[in-house]
Amino acid sequence: MQWRNSSSNYGLVSITMHWVVAVAVVVLFALGYWMVGLTYYSSWYRTAPDIHKSIGLLLLALMVLRVIWRFLNRGPAPLANHGQMTRLATKVGHGVLYLGLFAVMISGYLISTADGRSISVFGWFEVPALVTSIPDQEDIAGLIHEYLAWGLVIFSGLHALAALKHHFIDRDSTLKRMFGRADA
């Protein structure tokens, strides 16, 4: 398998980034959903949010790299059987996923830094609090983060269903290309 995308397949770098982001989104959502129910006396009360923030900030860095990679290394050409509406839906859908990811992560950052403290990423390095002056920053960013996270997970599920539809109903190589195995 090649590192870079070709005219018919995604390369190893794009595939790896795609699936790491997908797993991270599921893990972050599950962790976030679980941790909001923790009580002050739970041993995970402080640890779970620290893990959630650390993974979220690493995901933000990966998404920045992913956007750069996408500009430097275009994806495969659209399949011949994909009409204009399918191509438009693909572009809009991916745009919504990218914007949703960045919006969720930025709102999470604003929640975590509202009190002016930096965020430790697994104790490896600190991300400083750059914005702290928004009135009710933690509460507003918290609501935005929650609704966007639900929206992102639902839209990601639709994205997965669309890939399965292409594979099982349309019987085209859309899904195979995300594994680097397009039809010859």
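Which side chains meet in a salt bridge at 2.6 Å, N to O? The legends below take up this view and several others of a predicted model.

**View 1. A salt bridge joins Lys165 and Asp170.** The side chains of Lys165 and Asp170 meet at 2.6 Å, N to O. Lys165 is partly exposed, with a relative accessible area of 37%. Asp170 is also partly exposed, at 30%. Side chains of opposite charge can pair when their charged atoms come close. The salt bridges in the structure number two.

**View 2. Arg117 and Asp115 form a salt bridge.** Here the N to O distance is 2.5 Å. Arg117 has a relative accessibility of 58%, so this residue counts as exposed. Asp115 reaches 46% and counts as partly exposed.

**View 3. Eight residues make a nonpolar surface patch.** The members are Tyr33, Trp150, Ile154, Leu158, Leu161, Leu164, Phe168 and Ile169. Together they make a patch of about 900 Å². Helix α4, residues 137-168, gives the largest share, with six residues. Ile169 lies in the loop between α4 and α5, the latter spanning 174-177. The relative accessible area of Ile169 is 65%, over the 50% cut-off, so Ile169 is exposed. In soluble globular proteins, nonpolar side chains tend to be buried together.

**View 4. Tyr33 and Trp150 pair edge-to-face.** The structure holds eight aromatic pairs. In the pair of Tyr33 and Trp150, the ring centres are 6.0 Å apart and the planes make an angle of 85°. Tyr33 sits in helix α1, residues 12-35, and Trp150 in helix α4, so the contact ties together parts that are 117 residues apart in sequence. Tyr33 is exposed, with 57% relative accessibility. Trp150 is partly exposed, at 38%. Ring pairs link Phe29, Tyr33 and Trp150 into a cluster.

**View 5. Phe122 and Trp124 form a tilted aromatic pair.** Their rings are 5.2 Å apart, centre to centre, with 45° between the planes. A pair of aromatic rings is described by the distance of the centres and the angle of the planes. Phe122 is partly exposed, at 37% relative accessibility. Trp124 is exposed, with a relative accessible area of 60%. The place of Trp124 is the loop between β1, residues 119-121, and β2. How far apart are the C-alpha atoms of Trp124 and Gly37? They are separated by 28 Å, and the two residues are 87 apart along the chain.

**View 6. The largest nonpolar core has 15 residues.** Val21, Val25, Leu59, Met63, Leu101 and Leu152 have the most contacts inside this core. Helices α1, α2 (47-72) and α3 (84-112) each supply at least two of the core residues. Which residues does Leu101 touch, not counting those up to four places away in sequence? Leu101 touches Val21, Val25, Leu59, Met63 and Leu152. A second, separate core has seven residues. Among them are Leu57, Tyr109, Leu110 and Ala141.

**View 7. Asp136 has a positive phi.** The angle is near 55°, in a residue other than glycine. Most residues other than glycine have a negative phi. Asp136 is found in the loop between β2, residues 125-127, and α4. Is Asp136 buried or exposed? With 55% relative accessibility, Asp136 counts as exposed, because the cut-off is over 50%.

**View 8. Arg171 has a positive phi.** For Arg171, which is not glycine, phi is near 55°. Arg171 lies in the loop between α4 and α5. This loop also holds Ile169. Arg171 is exposed, with a relative accessible area of 66%.

Conventions: Residues numbered from 1 in each chain as written. Predicted model: local features only at pLDDT ≥ 70, side-chain atom pairs only at ≥ 80, totals over all residues. Heavy atoms only, no water. Patch = residues over 30% accessible without salt bridge, like charges linked within 9 Å, V, L, I, M, F, W, Y side chains within 5 Å. Areas by Shrake-Rupley, 256 points an atom, 1.4 Å probe, with all protein chains shown as cover. Salt bridge = Lys/Arg side-chain N within 4 Å of Asp/Glu carboxyl O. Helix = DSSP H or I, 4+ residues; strand = E, 2+ residues; numbered from the N terminus. Buried < 20%, exposed > 50% of the residue type's maximum accessible area, 1.4 Å probe, protein only. Phe/Tyr/Trp six-rings, centres within 6.5 Å; stacked < 30°, edge-to-face > 60°. Core = buried A, V, L, I, M, F, W, Y, C linked by side-chain atoms within 4.5 Å. Contact = heavy atoms within 4.5 Å.
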